[in-house]
Amino acid sequence: MRRAWRQADYWATLYLRTWKSSVVSSFITPLLYIVAMGVLLGGFIKGDPSKLEGATSYLAFVTPGLLAAQGMNTVVGEVTYPVMGMIKWQRIYFGMIATPLTVSEVVLAHLGFVVFRVATVSAVFLAVMAPFGVFESFTGVILAFLVQLLAAVAFAAPVYALTTRLKDESGFSLIFRLGLIPMFLFSGGFFPVSNLDTWMEWLAKATPLWHVVDLTRMLVLGTVDGSTALIHVVYLVALAAVGWVLAVRGLERRLIS
């Protein structure tokens with residue numbers, strides 16, 4: 001942790017030089033989604049809690065899903081092209097491990113930066129949505145924020161591991177088209193997955209985004225089921241742990257072997 005923390009000045013300098021480019025994607029785009037899907041479209045949807053997983057309005061239903069999806073999109077953007085660039089084009093990782101830093105410390109620092117990015121995005125998102133009156137529990141909102149940080153690692157580590165194993169950026173199109181977009185649309189963010197066919201419902205529930213969406217929604221709506229919440233947390237922790245091991249091994253293979 002000590003050596004990983006020493007890399008904070010690098011990541012801070014990088015972010016200060018590039019933060020303006022992330023304003024639209026990180027802050028403005030989610031707000032437009034909320035207005036379009038939650039406020040405008042939601043005005044035509046009856047807020048039946050029995051059909052909206054306890055939400056009294058479609059806006060309250062869709063907000064946790066968009067929060068989780070925004071975190072996922074932020075993560076994937078930070079561990080695809082940036083990681084490929086630091087390995088293949090800019091070769092910054094090679095300079096890092098030429099110092100006393102180890103590969104695991106380099107990975108830890110990069111994932112820490114990803115968590116920071118998700119934390120800023122999620123905090124602003126929650127602050128913007130608070131005046132809309134869609135949150136039922138202040139404690140639940142704080143816990144939902146912490147869930148986004150756990151989800152950041154759960155998403156980042158496996159995608160990071162996959163990036164280290166790609167020879168070039170052409171494989172990213174598959175990540176976006178076969179992974180990111182289907183999860184964004186069919187993991188319970190915009191409608192209950194129970195509306196899907198049985199096999200599609202189970203497939204949706206196997207995705208990490210559904211676990212994040214469902215856990216976030218339970219927390220902000222104050223409808224927490226302890227056993228289900230525990231399953232979600234265990235799933236995300238296990239995914240993060242496996243992804244971490246694969247990420248370190250993948251980067252070691254690219255930099256050292």
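**Around helix 4**

Modeller: Thr 74 is located in helix 4, where helices are DSSP runs of H or I with at least four residues, strands are runs of E with at least two, and both are numbered from the N terminus. The model is a predicted one, in which local features require pLDDT of at least 70 and side-chain atom pairs count only at pLDDT 80 or more, while totals for chains, interfaces and linings use all residues. Residues are numbered from 1 along each chain as its sequence is written, and side-chain values use heavy atoms, with hydrogens and water left out.

Thr 74 has a relative accessibility of 8% and counts as buried; buried means under 20% relative accessible area, exposed means over 50%, and partly exposed lies in between, with a 1.4 Å probe and protein chains only. Residues up to four places away in sequence aside, Thr 74 touches Arg 117, Val 118 and Val 121, contact being heavy atoms within 4.5 Å.

Arg 117 is also part of a salt bridge, its partner being Glu 78, with the closest N and O atoms 3.0 Å apart. Arg 117 belongs to helix 7 and Glu 78 to helix 4, so this pair ties together parts that are 39 residues apart in sequence. Both partners are buried: Arg 117 at 5% relative accessibility and Glu 78 with a relative accessible area of 15%. Side chains of opposite charge can pair when their charged atoms come close. The criterion for a salt bridge is a side-chain nitrogen of Lys or Arg within 4 Å of a carboxyl oxygen of Asp or Glu, and by this rule there are two salt bridges.

Rings of Phe, Tyr and Trp (its six-membered ring) pair if their centres lie within 6.5 Å; planes under 30 degrees apart are stacked, over 60 edge-to-face, and the rest tilted. Nine aromatic pairs are found in a search of the whole structure. In one of them, Tyr 58 and Phe 61 are stacked, at 6.0 Å centre to centre with 25° between the planes. These two residues are three apart in helix 4 (residues 58-78), and are therefore separated by about one helical turn. Tyr 58 is buried, at 6% relative accessible area, and Phe 61 is buried at 0%. Elsewhere, Phe 186 and Phe 191 form an edge-to-face pair, because their planes stand at 75°, with ring centres 6.4 Å apart. Phe 186 is partly exposed at 37%, as is Phe 191 at 23%. Ring pairs also link Tyr 10, Trp 11, Tyr 15, Phe 113 and Phe 116 into a cluster.

A charge sits over a ring if NZ of Lys or CZ of Arg is within 6 Å of the ring centre and within 35 degrees of the ring normal. The charged end of Lys 205 likewise sits over the ring of Trp 202, at 5.6 Å from its centre.

Lys 205 forms a salt bridge with Glu 201, the closest N and O atoms being 3.2 Å apart. Glu 201 and Lys 205 are four residues apart in helix 10 (residues 198-205), about one helical turn. Glu 201 is buried at 17%, whereas Lys 205 is partly exposed at 25%. Neighbours within four places in sequence aside, Glu 201 is in contact with Val 193, Ser 194 and Leu 196.

Leu 31, Val 35, Leu 40, Val 124, Val 128 and Phe 132 make a nonpolar patch of about 440 Å². Patches consist of residues with over 30% relative accessible area and no salt bridge, like charges being joined within 9 Å and nonpolar side chains (Val, Leu, Ile, Met, Phe, Trp, Tyr) within 5 Å. Accessible areas come from the Shrake-Rupley method with a 1.4 Å probe, and for residues only the protein chains shown count as cover. Helix 3 (23-40) and helix 7 (103-129) each supply at least two residues of this patch, and helix 3 gives the most, with three. Phe 132 is in the loop between helix 7 and helix 8 (138-164) and is partly exposed, at 36% relative accessible area.
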